[in-house]
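Hi,

Here is the structure I promised to pass on.

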Amino acid sequence: RVGRPPQERPMSSSGDKGESTALLPKKRQRNVTVLSLVAITYFAVAGGPEGTETLIQTGGPLYSVLGFIIIGILWSIPMALMSAELTTAFPENGGYVLWVSAAWGAQAGEMAGWLQFVSSGVDACIYPGLFLVYLEQALDMNLEDPTIEWTIKITFVVLLLLLNVLGIESVGHGSTAFMIVLLTPFLIIISIAFTGIFTGIGVLGWPFSTAKMLGRPETEPDWPAFFMVLLWNMGYWEGASVCAGEVANVGTVFPQAIAISMIVVLLNYILPIMAFSGLDGNYDAFHNGHYITVAREVCGTWFAYALGLAQTVSVCGLFANGVVKNTYLVCGMSEQGLLPSALAARMPYTNAPYWALTLTSIVIAMIMPLRHFKTILGVDIDLYCLALLLEIASFIRLRYTQPERPREYRVPVEGVWMWLLFFPMAVITVGGVIYGGWLEIMVSFGFLVAGVLVLFLVLVL
């Protein structure tokens, strides 16, 4: 295997009785602070109310709000707690790959990295298309001409890859700016809409229906689609862990950022669902970009422009942070000797890992022609949930095999209470694997087999 000699690698195999050598801190400047990490985590998990329009269409606002609360308690909070503890235990780039490697051996860690890497690559393919949808809705134009469509998509990808070339500190600051630009129009529209809760008419004369705000659909909900979109909206809390080596004072900053992000994410989903359902009770019309249509028809043209800008900025942040996740995942695996050492090479001024970024860009370019939203989403969730099952098993195993390992943050549960906390999360994660449809499962299985072959070649070479 190319990289550090085996005796220097920090991760042990599962045959080492769960013991591993402590990771040595890398001597680099750590520039990512709480605010930047909140923004990076926010875009890793949510990045705006994307997907909530589909939830309203498939399940109605009442079930959507209840779904976010239930999945948040049973799935997202345990995931966030797990991420906070293990990130402070392994405060280097690579995140969950380091956790799984320490618990089950290097090959298991590499498989977790592969699954997350491909999942993020598939996920990134959603955003150029969503950017085009939001741009069409905002400008009220048809941009379906193939030349125009691909010019916009390629420009979108290239500009956001250039942001990553400037380094993770730039991405962190950019994400903070994206978050402010994204949330401001939503907050203004939501605040004005809610003034009509008691009277039925907002302060600007917008009609508002409290009954429709938390209503149920007239037809039977599409539960499989509803469930998969809900998981897509509420997963990926461990995403920011892959750049832990860039975070200043990770033991304090990471748990704080996770806690702040959880509150922001839940409000980011629940408030728009209630506000826009109250403004437009035709749930069947809620497709991607419909919030902008509601803003234009109910609130006025300038509100539609502002919301269109917000949602295009949203997908910019989502894409940029997806690239960050994959780039620093590859870089961290290389730094730990799990991939060729060349992939950890960094640019002299921005400190961006340029070969890892190049590999990430190639994979995204290869997958980007995929167009069917449901298939992309199903494959994305299948691969992610497989990796997440490895991470849950690693958390529990490390609690038993490495109880004395330094953890600046520790989830305050032990024994049976720990199992009770993580069992519902594991059940929901298994549901995410099997609920996506046979086509999505078969495509995911193909990626899994490809991962086994890739890891075999890496081992042999």
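This is a predicted model: local features need pLDDT of at least 70, side-chain atom pairs count only at pLDDT 80 or more; totals for chains, interfaces and linings use all residues.

Residues are numbered from 1 along each chain as its sequence is written, and side-chain values use heavy atoms, with hydrogens and water left out.

Searching the whole structure gives five salt bridges (a side-chain nitrogen of Lys or Arg within 4 Å of a carboxyl oxygen of Asp or Glu). In one of them, Arg-407 pairs with Glu-85, with 2.8 Å between the closest N and O atoms. Arg-407 sits in the loop between α14 (373–401) and α15 (415–434) and Glu-85 in helix α2, so the pair ties together parts 322 residues apart in sequence. Helices here are DSSP runs (H or I, at least four residues), numbered from the N terminus. Both Arg-407 and Glu-85 are buried (under 20% relative accessible area; exposed is over 50%, partly exposed in between, with a 1.4 Å probe and protein chains only).

Arg-410 and Glu-414 also meet in a salt bridge, 3.1 Å from N to O. Shared partners join Glu-85, Arg-399, Arg-407, Arg-410 and Glu-414 into one network.

As for the patch, Leu-66, Ile-69, Ile-70, Ile-73, Leu-74 and Ile-77 make a nonpolar one of about 490 Å² (residues with over 30% relative accessible area and no salt bridge, nonpolar side chains joined within 5 Å; areas by Shrake-Rupley with a 1.4 Å probe). Ile-73 is in helix α2 (residues 52–89).

Cheers

Notes:
Patches are made of residues with over 30% relative accessible area and no salt bridge: like charges are joined within 9 Å, nonpolar side chains (Val, Leu, Ile, Met, Phe, Trp, Tyr) within 5 Å. Helices (H or I, at least four residues) and strands (E, at least two) are DSSP runs, numbered from the N terminus.
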